[in-house]
Amino acid sequence: YRDGYRAVVEALHGATEEELSAKPAPNRWSAREIVHHLADSEMTSAIRLRLLLTVDRPTIYGYDQDLFARKLHYDRPHEASLEAFRYARETTAQILDRLSEADWQREGTHTEVGPYSVTRWLEIYAVHAHQHARQIVEAISAARSRASA
């Protein structure tokens, strides 16, 4: 989980503004849009975990990530979102380090998938940043290939 930020920063390393903005395909996100998604997702996931740990059987609400991308101006500069992702993830990792066995057993209900535990939460978010880091690499590589063609 903690390593996700490093993977994203490494994927972004050396990218130009043009490469960050280039979409690898018409219905795919650019590297910049992925960074904004990661920030929004990480801030949302941080609240989800906190609800799971502090509210008895909370309802965890899904959201439309594509609507977020459209309405939250994912074409803006990405640096602040990268930092929001970094610190939301780090503060959450500090909490994860301190969970008791009872904390790991807590669960609520996700509006889209049903039962949703702290363990399930970690299974999802432990790999989330790494998956998107690979997408960032692919988007930047596609932009570089088009530029050299």
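Which residue forms a salt bridge with glutamate 19, and how far apart are the closest N and O atoms? The partner is arginine 144, and the closest N and O atoms are 3.0 Å apart. Here, a salt bridge is a side-chain nitrogen of Lys or Arg within 4 Å of a carboxyl oxygen of Asp or Glu. Glutamate 19 sits in helix 2 (residues 17-21) and arginine 144 in helix 7, so this pair ties together parts that are 125 residues apart in sequence. Helices (H or I, at least four residues) and strands (E, at least two) are DSSP runs, numbered from the N terminus.

A quick word on what you're looking at. This is a predicted model, in which local features need pLDDT of at least 70 and side-chain atom pairs count only at pLDDT 80 or more, while totals for chains, interfaces and linings use all residues. Residues are numbered from 1 along each chain as its sequence is written, and side-chain values use heavy atoms, with hydrogens and water left out.

## Salt bridges

Side chains of opposite charge can pair when their charged atoms come close. Searching the whole structure turns up 13 salt bridges. Here are some of them:

| Pair | Closest N and O atoms |
|---|---|
| Arginine 2 and aspartate 97 | 2.9 Å |
| Aspartate 3 and arginine 6 | 2.6 Å |
| Glutamate 19 and arginine 144 | 3.0 Å |

Let's go back to that opening pair. Is glutamate 19 buried or exposed? Glutamate 19 is buried, because its relative accessible area is 13%, while arginine 144 is partly exposed at 37%. The cut-offs are simple: buried means under 20% relative accessible area, exposed over 50%, and partly exposed in between (1.4 Å probe, protein chains only). Salt bridges that share partners also join Arg2, Glu90 and Asp97 into one network.

Arginine 2 counts as partly exposed at 41% relative accessibility, whereas aspartate 97 is exposed at 52%.

## Pockets

On a 1 Å grid over the protein atoms alone, a pocket is an open set of points where a 1.4 Å probe fits, with protein on both sides within 12 Å along at least five of seven lines; lining residues have an atom within 4 Å of a point. Grid points are joined across faces, edges and corners, and a volume is the space filled by probe spheres set on the points.

The largest pocket has a volume of about 230 Å³. It has 14 lining residues, and those closest to its centre are Arg48, His110, Glu112, Ile124 and Tyr125. Two elements give two or more residues to this lining, helix 3 (31-54) and helix 7 (118-148), and helix 7 gives the most, with four. Sorted by class, the lining has five nonpolar, six polar and three charged residues. For that sorting, Ala, Val, Leu, Ile, Met, Phe, Trp, Tyr, Cys and Pro count as nonpolar, Asp, Glu, Lys and Arg as charged, and the others, Gly among them, as polar.

The second largest pocket has a volume of about 180 Å³. Its lining includes Pro24, Trp29, His37, Asp66 and His132. Helix 3, helix 4 (65-71) and helix 7 each give two or more residues to this lining, and the largest share, four residues, comes from helix 7. Its classes are four nonpolar, six polar and two charged.

Val55 is found in the loop between helix 3 and strand 1 (59-60), and its relative accessible area of 36% makes it partly exposed. Arginine 57 is in that loop as well. Arginine 57 is exposed at 54%, and it has a positive phi of about 50° although it is not a glycine.

Histidine 73 also has a positive phi, near 55°. Histidine 73 lies in the loop between helix 4 and helix 5 (79-96) and is exposed, with a relative accessible area of 52%.
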